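Trainee: I have a structure open and would like to talk through some of its side-chain pairings with you. Could you take a look with me?

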Amino acid sequence: MRACCLLLLAALRTVAAGSSVASHEQATSSSLCEPASLLGFPPLSSDVLPTDLLALTHVANDTARVLAVWMAEDPLPDLDFTLAAQARTLVEAHPQLTAAVVALPRHRDASVVAYRKESRTHVVLLNSVGSWNHSSTLEVYWRNSETAWNKTMGLLSQPFWDCFTGAWVFGYNVPLPGEHRGAAGIYFSVDHLNIDQCNESYTSLFGAHICDPETAMCVPELGEGNRRGYTCACKPGFFARESRLHWRFFNVAQSSLYR
């Protein structure tokens with residue numbers, strides 16, 4: 001019997017040192033925050049979303065239908081109040097959300113993003129660009145909404161650094177049904193993504209996994225979003241000299257992705 005993966009523990013100290021992920025340190029080096037992007041991140045699809053987040057996509061769909069009903073009213077409701085109240089309600093009713101956006105191209109002065117920061121909900125007008133240090137984040141929210149209202153069905157947006165929440169986030173944005181243009185969006189922390197870090201497609205983000213290919217298997221830790229990573233498990237015929245080695249895992253929260 002041979003020992004299994006004796007180099008793994010040492011390798012854990014150098015995880016993801018060469019990641020191509022854009023750091024938000026550039027954004028925090030001055031008072032002006034610029035939202036970074038996750039370079040090389042593959043297009044998101046529903047298979048990387050945990051079940052509880054998939055179940056929440058109906059929230060954006062329901063909100064889009066409500067907005068469409070409002071836009072069909074004559075006269076229009078007080079959009080300054082109703083859009084802000086709708087976005088705030090979404091964030092406060094669903095703790096999994098980091099932010100919610102309601103955007104109407106013909107009423108940008110009333111379009112808003114509501115976000116959660118330190119257990120409080122804040123609402124910002126999307127037309128505040130130029131008057132906020134974090135105006136570039138507002139532009140990202142607006143572009144994501146614009147992309148959605150030019151589609152016929154909901155779509156996931158790529159992760160970006162949100163200067164308001166201070167976190168990597170991604171969103172699900174839905175166009176309004178019917179003749180009126182607009183979009184409703186909900187946003188989550190990237191921590192919730194189910195990323196198979198054993199998949200070589202993600203090497204550019206996390207680096208190659210550190211399991212010894214001759215003596216160990218890389219087993220993805222799914223079902224908990226991006227908070228676990230993977231486990232190096234001994235192949236049949238091998239054992240770990242340290243009995244706990246088989247359940248050691250790489251925690252992506254300690255990688256350069258979050259620095």
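Trainee: How many salt bridges does the count come to?
Mentor: This is a predicted model, and in it the count comes to three salt bridges.

Trainee: Let's start with Asp 62, then; which residue does it form a salt bridge with?
Mentor: Asp 62 pairs with Arg 65, and the closest N and O atoms of the two are 2.3 Å apart. Both residues belong to helix α3, which covers residues 51–71, and they sit three residues apart, about one turn of the helix.

Trainee: OK, what does Arg 108 form a salt bridge with?
Mentor: Its partner is Glu 139, with 3.8 Å between the closest N and O atoms. Arg 108 lies in the loop between β2 and β3 whereas Glu 139 is in helix α5 (residues 135–149), so this pair ties together parts that are 31 residues apart in sequence. Arg 108 is partly exposed with a relative accessible area of 24%, and Glu 139 is partly exposed with 26%.

Trainee: Switching topic to Ser 111, is that one buried or exposed?
Mentor: Ser 111, which lies in the loop between β2 and β3, is buried, because its relative accessible area is 0%, under the 20% cut-off.

Trainee: What does the side chain of Ser 111 reach?
Mentor: It reaches the backbone nitrogen of Leu 104 at 2.9 Å, and a polar atom of that Ser 111 side chain also lies 3.0 Å from the backbone oxygen of His 107. Leaving aside neighbours within four places in sequence, the contacts of Ser 111 include Leu 83, Val 124 and Trp 142.

Trainee: Which residues does Pro 105 touch?
Mentor: Not counting residues up to four places away in sequence, Pro 105 touches Trp 142, Trp 149, Arg 181 and Gly 182. Pro 105 is found in the loop between β2 (97–103) and β3 (112–117), and is partly exposed, with a relative accessible area of 26%.

Note on methods:
Residues are numbered from 1 along each chain as its sequence is written. This is a predicted model: local features need pLDDT of at least 70, side-chain atom pairs count only at pLDDT 80 or more; totals for chains, interfaces and linings use all residues. Side-chain values use heavy atoms; hydrogens and water are left out. Helices (H or I, at least four residues) and strands (E, at least two) are DSSP runs, numbered from the N terminus. Buried means under 20% relative accessible area, exposed over 50%, partly exposed in between (1.4 Å probe, protein chains only). Contact means heavy atoms within 4.5 Å. A polar contact is a pair of N or O atoms within 3.5 Å; within protein, one must be able to donate a hydrogen and the other to accept it, and residues adjacent in sequence count only if both atoms are side-chain atoms. A salt bridge is a side-chain nitrogen of Lys or Arg within 4 Å of a carboxyl oxygen of Asp or Glu.
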